[in-house]
Amino acid sequence: THVVPDEYTSIQAAVNAAIDGDTILIRDGVYSGPDNWDLLVDEVSLTIESMNGAETCIIDCYENATTPHQAFRIRSENEEHSVYIRGLTLTGGQATVGGAIACIGASLNLDRCHFMNNIADTEGGALWVAGFTSELNLEGCHFSNNKSKHGGGLGGLIDEFSLQDCLFTHNESTGNGGAVNLECDAGVLEECTFRHNFARTGGAINLVCIDRACLINRCNIHDNRALGMGGGINYTGILALIDTLFIHNWLEPEIGDPASGGGIALVNSNVVIFDCEFLDNRIMQFMGTENRGGAVYSDNSVVDFFNSYGILNQASGFMNDIQGGFLFGIDSWIELLNCNIYDNTAKASSTVDASISLISSTLTAKRSILRGNGDLGLFEVKLAQNSHLIAKSSNIQGLQQGINLDETSSALW
């Protein structure tokens, strides 16, 4: 174990002295200046941790507005090294990628770290990772007030990732993923909270996970905002979404732009949604072109809902093309099993739509309830352009009168 500043006057000096398997222990204090920022961890596996936690051990990278610094630059050309960082606050970082940490090749493990007020020009406002055979593991980390073009808090390309018990608040992106923007082979987000994040696409999360699958389990996605797609999440790939809350996420597109999925947007995806709740997610734009899916938007996807709720979601506007207060699907296959979908609205100034609106899609409803939407002058289900409804042991308010279908579509009871 190498202790800073007892044995080494700077963090970089301790890193330079370390060999594989060593631990660097940092005492309480605020560390800044040469050899305490822009720290290079090169081709070595080690642990860097504070003595008493992130609240009392801070690396402050801010010098002035024209002289940017990062906390750590981590590299491993053979992608065989692992770096563990525990109990540090990293703040004031600024870089092209990874405002506080940029990691290439190595597997990175972060425990109880706090990233705040970091900026990246391109991706990963706080943290950026890249490695085709590397892993990223975060536990108990907090990302707040970080900014970037993509991935306001976290961004990059990684083989596998795991985020456990993390909090992302008030992170911003002008592009994809207000909090997280990742492309991966597989990943897990468990017991994480995302709130008050903002992006053009994927207010909290923009995630591409195709080769294998991702799991989002027991997470809270609430009060995030986007301009175009996925007020909470924008997703492509294979996904299991379990016991997760989507509350008051919304889309607020610019004038003349379309908006899709106030809670979540799914494109080219295969998704299982189990024990989830979608409450008061919204698309709010009075002069947009297409507002589709107050809670859920599905494009060329298979989406199976089990034991889930969709309540008080809304797609609204003035002169817009409004479709699907709860869900809009195009070229998709949707199943509802033991679900309750009620009091969702899709309404413009002169037209109304349905709680679930489909184009060239199939909906199977089994032991599910769709109600309350008709009380507002809306249909429960709208079918268009060769869409089909198969209802089994389900309660659809108004029965056939609650369904609007064109001449190319059908409904079976």
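Me: Which residue is the bridge partner of Val-30 in β6?

Reply: Two strands pair if DSSP finds at least two bridges between them, strands being DSSP runs (E, at least two residues) numbered from the N terminus. In β6, Val-30 has Ile-58 as its bridge partner. Strand β3 (residues 29–31) and β6 pair in the parallel sense over 3 bridges. This is a predicted model, in which local features need pLDDT of at least 70, side-chain atom pairs count only at pLDDT 80 or more, and totals for chains, interfaces and linings use all residues. Residues are numbered from 1 along each chain as its sequence is written, and side-chain values use heavy atoms, with hydrogens and water left out.

Me: Which residues of β6 lie on the covered face, and which on the uncovered one?

Reply: In a regular strand the side chains alternate between the two faces of the sheet. In β6 (residues 57–60), Cys-57 and Ile-59 form the covered face, while Ile-58 and Asp-60 form the uncovered one.

Me: What does Ile-85 contact, leaving aside its neighbours within four places in sequence?

Reply: Contact means heavy atoms within 4.5 Å. The partners of Ile-85 beyond those neighbours include Ile-48, Phe-72, Ile-101 and Leu-108.

Me: Where is Leu-312 found?

Reply: Leu-312 is in the loop between β38 (309–311) and β39 (314–316).

Key
Buried means under 20% relative accessible area, exposed over 50%, partly exposed in between (1.4 Å probe, protein chains only). Helices (H or I, at least four residues) and strands (E, at least two) are DSSP runs, numbered from the N terminus.
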